[in-house]
Amino acid sequence: MRLLLIEDSIALADQLLPLFKNYGYAVDWLVDGRDALPAVHDNPYDLAILDLGLPGLSGLQVLQQWRAEGCTLPVLILTARDSWAERLEGLRAGADDYLCKPFHPDELLLRVQAVLRRSHGAVNTPRLEVGNLALDENRQSIWRNNQEYELTRGEFRLLRCFMLNPGKLLSRMQLSEHLYDGESERDSNVLEVHISRIRRKLGEQVIETRRGQGYLFLG
């Protein structure tokens, strides 16, 4: 899944970028609120993590403008402002969640996971479940019944994307846009390699290929 981090603290961004990438998220980073406004229209992000105290435009102004434009992207506010009035203001403006600094990295990851699942209509349980498959996001492995299958980082990222969109036809372009950040090279052959490996582990029927259209995750 692809995240947009809008945070002007270089020190904090230096902590968060490797944290998110280690948990299989693709991340683009911006520091100015003015750059954030068009970014959500140019890229298919799954979630924005938005600081309120930004240069150019405040995070609250950015969020209000996004919602005024009809942007429904899930937004998690991440800020040092912890008064109830400011928290309510952010939620009224359309934020999906609110986390105050300082915070524990595990709490941030769990909140990101919860917002992503809610936005895709999935139940926020310890494991993401589709049919008899359960994705363990902490161990980055997949379970079928009581058997665990280890996954490479690429396989894990692809399965998470599929399992948040069960029964939905996803083109190669859609998968690439949600799996890679703006600086990554996108090679469709890599996707096919990951899909082939997943099928070897879980069975050919798990992912259906629609020629000229894309892939369908059946679970």
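Modeller: Glu 107 has a relative accessible area of 33% and is partly exposed; buried means under 20%, exposed over 50%, and partly exposed in between (1.4 Å probe, protein chains only). The model is predicted, with pLDDT of at least 70 needed for local features and 80 or more for side-chain atom pairs, while totals for chains, interfaces and linings use all residues. Residues are numbered from 1 along each chain as its sequence is written, and side-chain values use heavy atoms, leaving out hydrogens and water.

Glu 107 is joined to Arg 111 by a salt bridge, at 2.9 Å from N to O. The term requires a side-chain nitrogen of Lys or Arg within 4 Å of a carboxyl oxygen of Asp or Glu. Both residues lie in helix 5, and because they are four residues apart, about one helical turn separates them. Helices (H or I, at least four residues) and strands (E, at least two) are DSSP runs, numbered from the N terminus. Arg 111 itself is partly exposed, at 24% relative accessibility.

Arg 111 also forms a salt bridge with Asp 97, where the closest N and O atoms are 2.8 Å apart. This pair connects distant parts of the chain, since Asp 97 sits in strand 5 (residues 97-100) and Arg 111 in helix 5, 14 residues apart. Asp 97 is buried, at 14% relative accessibility. The structure has 13 salt bridges in total.

Helix 5 spans residues 105-119 and also holds Gln 113. With a relative accessible area of 11%, Gln 113 is buried. Leaving aside residues up to four places away in sequence, Gln 113 touches Tyr 25, Asn 124, Thr 125 and Glu 137, contact meaning heavy atoms within 4.5 Å.

Next comes the nonpolar side. Phe 20 touches Leu 108, Leu 109 and Val 112, among others including Tyr 25 and Ile 49, again not counting residues up to four places away in sequence. Phe 20 and Val 112 have the most contacts inside the largest nonpolar core, which has 48 residues. Such a core is a set of buried Ala, Val, Leu, Ile, Met, Phe, Trp, Tyr and Cys residues joined through side-chain atoms within 4.5 Å. Domain 1 (2-120) and domain 2 (127-217) both contribute residues to this core, so it lies between them; the domain bounds come from an automatic or database domain assignment. A second, separate core of 23 residues includes Leu 4, Ala 39, Leu 52 and Ile 77.
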